[in-house]
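Student: I'd like to go through this one quickly. Can we start with the terms and then get to the details?

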Amino acid sequence: MLPALFISHGSPMLALEPGASGPALARLAAQLPRPRAILVVSAHWESPELRIGSSPQPATWHDFGGFPAPLYAVQYPAPGAPELAVEVQRLLGEADLSSSLDPQRPLDHGAWVPLSLMYPQADIPVLQLSLPSHAGPELQVRVGQALAALREQGVLLLGSGSITHNLGELDWRAGPEAITPWAAEFRDWMVEKLSADDHPALLDYRTQAPHAQRSHPSDEHLLPLYFALGASGEFHIEHSGFTYGALGMDIYSFA
């Protein structure tokens with residue numbers, strides 16, 4: 001059975017400058033059974049209600065600005081999974097979670113950047129599920145629980161965000177050895193609670209975790225973790241580290 005994953009996708013430049021995360025993602029993909037499809041919840045598709053990408057051939061969306069020209073040339077032409085999208089909608093409905101299909105949605109960089117490092121052939125069908133971020137962690141846990149059975153059917157469930165995400169306090173010149181203390185304290189608290197399977201504390205992280213507001217001024221980049229947690233098994237750290245001093249690059253599996 002496939003695990004559920006949480007991937008800190010970092011800067012879009014990860015696609016061209018993979019650092020330590022790229023090899024970690026490639027190793028993880030090589031260790032897993034080959035998925036028949038990949039379902040991604042990305043921090044970069046926020047929506048009022050749950051939406052499911054159902055395009056048979058989703059475009060690669062360069063949903064960012066100010067980066068070098070070669071990044072905009074990167075394509076990830078994975079096929080979509082419209083039949084799986086219908087199954088996802090059914091499973092969500094059985095859990096009293098309403099959703100709609102979106103046949104126009106392209107793959108945002110929260111999906112295609114990490115997948116380009118995990119499965120560079122782009123030959124595994126991919127679909128995205130949107131993130132109603134206003135509903136907080138509780139909804140994402142419910143969504144993960146509703147779709148957990150897909151793990152037994154060869155579908156890789158992947159939450160893509162960041163364990164810390166405060167772009168206003170990054171040091172863009174810092175090397176990977178530079179770690180900002182407040183970001184490390186928040187990450188360590190999350191790991192402690194995940195290891196202990198302490199759901200009440202995790203759901204209340206914004207009041208209980210040290211430096212929560214500073215680590216996540218808004219929480220859309222942490223919420224995909226709760227999707228993976230909801231679909232989860234045993235927590236494992238696959239990779240740990242920071243870039244730019246305070247941008248967490250951790251990768252977790254829930255097997």
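Tutor: Burial terms come first: buried means under 20% relative accessible area, exposed over 50%, and partly exposed in between (1.4 Å probe, protein chains only). At 37% relative accessibility, Arg214 counts as partly exposed.

Student: What kind of model is this, and how are residues numbered?

Tutor: It is a predicted model: local features need pLDDT of at least 70, side-chain atom pairs count only at pLDDT 80 or more, and totals for chains, interfaces and linings use all residues. Residues are numbered from 1 along each chain as its sequence is written, and side-chain values use heavy atoms, with hydrogens and water left out.

Student: Back to Arg214. Which residue does Arg214 form a salt bridge with?

Tutor: Glu169, with the closest N and O atoms 2.8 Å apart. A salt bridge here is a side-chain nitrogen of Lys or Arg within 4 Å of a carboxyl oxygen of Asp or Glu. Arg214 lies in helix 9 (residues 212–215) and Glu169 in the loop between strand 6 (155–161) and helix 6 (181–195), so the pair ties together parts that are 45 residues apart in sequence. Glu169 is partly exposed, at 34% relative accessibility.

Student: How are helices and strands assigned?

Tutor: They are DSSP runs, numbered from the N terminus: helices are H or I, at least four residues, and strands are E, at least two.

Student: How many salt bridges does the structure hold?

Tutor: Ten. One of them joins Arg51 and Asp102, with 3.4 Å between the closest N and O atoms. That pair links distant parts of the chain, 51 residues apart: Arg51 is in strand 3 (residues 50–53) and Asp102 in strand 4 (residues 99–102).

Student: Arg51 and Asp102: buried or exposed, or partly exposed?

Tutor: Arg51 is partly exposed, at 29% relative accessible area. Asp102 counts as buried, at 13%.

Student: Which residue does Asp171 meet in a salt bridge?

Tutor: Arg173, at 3.9 Å from N to O. Asp171 is partly exposed at 36% relative accessibility, and Arg173 is exposed at 79%. Elsewhere, Glu87, Arg90 and Glu94 are linked in a network of salt bridges.

Student: New topic. Where is Phe242, and what is in contact with Phe242?

Tutor: Phe242 sits in strand 8 (residues 242–243). Phe242 is buried, with a relative accessible area of 3%. Contact means heavy atoms within 4.5 Å. Leaving aside neighbours within four places in sequence, the contacts of Phe242 include Thr164, Pro176, Ile179, Arg187, Leu247 and Met249. Pro176 is 66 residues away along the chain, yet the C-alpha atoms of Phe242 and Pro176 are separated by 6.0 Å.

Student: Now zoom out. How many helices and strands are there?

Tutor: Ten helices and ten strands. The radius of gyration is 17 Å, close to the 18 Å that the globule rule gives for 255 residues, so the protein is as compact as a globular protein of that length. That radius is taken over C-alpha atoms, and the rule is 2.2 Å times the number of residues to the power 0.38. Along the principal axes, the C-alpha atoms fill a box of roughly 45 × 45 × 35 Å.
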